[in-house]
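Reader: Please show me the model, and let us then work through its elements one question at a time.

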Amino acid sequence: MNLIQSVESKYIKDDIPNFGPGDTVRVNTRIREGKKERTQAYEGTVIRRTKGGLSSTFTVRRVAYGEGTERTFPLHSPNIESIEVVRFGAVRRAKLYYLRNRTGKSVRIREKKQSSDA
Amino acid sequence: MSDGILGKKIGMTQVFDESGTAIPVTVVEAGPCPIVQIKTEKRDGYNAVQLGFVDRNENKINRPIHGHFKKADVTPRRYLKEVRVDTTEGLSVGSVVDAGIFSAGDTVDVSGISKGRGFTGVVKRWGFAGGRKSHGGEQDLRRPGSIGAGSDPSRVFKGKRMSGRHGGKRITVQNLEVIEADMERNLLVIKGAVAGPPNGLLVIRRAVK
């Protein structure tokens, strides 16, 4: 373990579920309004994961009210309460940027057959 | 207590604060630095401590340097740097300065030698805009343009920003916050960026402002 990893280790989460691009996830984020704290969920397709130790992020895309939206979350952010995997998708790319140019039926992603690791 | 320490830049990452905001930080391996010499107002005209950093092969140093370390009863070090102190009271030659002189929340000034960029043009060195890429400006893409008026003053003013050696200079960044200080791991985590490449030598001093 190098020094940078030893600094990061304190913040790294170990309860992150196994998910990747193509999967549908529900991200529960903590939101602070004044003094009150509540949870907000954001559900959509994971189109990208970037690796970088504590700086790792993932991007979730959903089409809301006819408008495509994307949100990038820091994977280890304390503001993320939990990540639930709703559906595993079968895709052949690591980055699903092609979904941005598609609408309707062609946005669909096949469901991945459950393998032994799931 | 010494108000400064020598360190080695390890690299950058980010950490999260209580509110979940990501903070960019530089990880520095700081010390332990033995005090090799103490300069006093009376003898030297100013108060300072000379700190050593990074072990060095004893067989590879010449005799004068060997003698200098022997006098302080310290094994030879690669780097020797002075750090000014207000008073030399309570400091002794041979004692060790470690990362514990700082604690989370302190502010520090960090000096290092910036990355050498060699001979660079005005666009990189001074941020000039250069010329336009089209509409007949193709030949002036990264040129500086005019360097002054003609007949009057008939010369180029001193200090006119031109191309030349860039980087490789000592750069001090002031008032950086210490996020974490760990004496056991000889570690300082400092908010923001500091000059120099990874493994570059840094001088970390208590902030003057």
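Reader: Which residue takes a positive phi just after helix 2 of chain B?
Author: This is a predicted model, in which local features need pLDDT of at least 70, side-chain atom pairs count only at pLDDT 80 or more, and totals for chains, interfaces and linings use all residues. Residues are numbered from 1 along each chain as its sequence is written, chains are lettered from A and ligands numbered from 1 in the order in which they are written, and side-chain values use heavy atoms, with hydrogens and water left out. Helices (H or I, at least four residues) and strands (E, at least two) are DSSP runs numbered from the N terminus. Just after helix 2 of chain B, a positive phi of about 55° belongs to Asp73(B).

Reader: At what angle does helix 2 of chain B run to strand 3 of chain B?
Author: Helix 2 (residues 63-72) of chain B lies across strand 3, strand 4 (48-55) and strand 5 of that chain, contact meaning heavy atoms within 4.5 Å. Axes are lines fitted to C-alpha atoms, for helices over the stretch in contact, and angles run from 0 to 180 degrees between N-to-C directions. On that basis, the angle between helix 2 and strand 3 of chain B is about 95°.

Reader: Which strands stand at the edges of the open sheet of four strands in chain B?
Author: Two strands are taken to pair if DSSP finds at least two bridges between them, and the sheet has the order 5-4-3-6 with antiparallel pairing. Strand 3 (residues 33-39) of chain B is joined to strand 6 of chain B by two bridges, and Cys33(B) stands opposite Val97(B). Each edge strand has a single partner, so one side of each is left without a neighbour in the sheet, and these edge strands of chain B are strand 5 (77-84) and strand 6 (96-97).

Reader: How far apart in space are Thr88(B) and Asn47(B)?
Author: Thr88(B) is found in the loop between strand 5 and strand 6 of chain B, and, not counting residues up to four places away in sequence, Thr88(B) touches Ile38(B), Lys39(B), Thr40(B) and Asn47(B). Although Thr88(B) and Asn47(B) are 41 residues apart in sequence, their C-alpha to C-alpha separation is 6.4 Å.

Reader: What is the order of the open sheet of five strands in chain A?
Author: From the N terminus on, the elements of chain A run α-β-β-β-β-β. Strand 2 (residues 36-50) and strand 3 (residues 57-64) of chain A pair in the antiparallel sense over five bridges, with Thr45(A) opposite Arg61(A). The sheet is antiparallel, and its strand order in chain A is 4-3-2-1-5.

Reader: Which residue meets Glu43(A) in a salt bridge?
Author: A salt bridge is a side-chain nitrogen of Lys or Arg within 4 Å of a carboxyl oxygen of Asp or Glu, and the structure holds 16 of them over all chains. The pair in question links strand 2 of chain A to strand 1 (residues 24-33) of chain A, across 17 residues. At 3.0 Å, N to O, the partner of Glu43(A) is Arg26(A).

Reader: How much area do chain A and chain B bury between them?
Author: Buried area is the accessible area (1.4 Å probe) that two parts lose on being put together, summed over both. In the interface, 14 residues of chain A are in contact with 16 residues of chain B. Of the area buried between chain A and chain B, 67% is on carbon and sulfur atoms, and the total is about 1,300 Å².

Reader: Which residue of chain B forms a salt bridge with Lys10(A)?
Author: The count between chain A and chain B is one salt bridge. Its closest N and O atoms are 3.5 Å apart, and the partner of Lys10(A) is Glu180(B).
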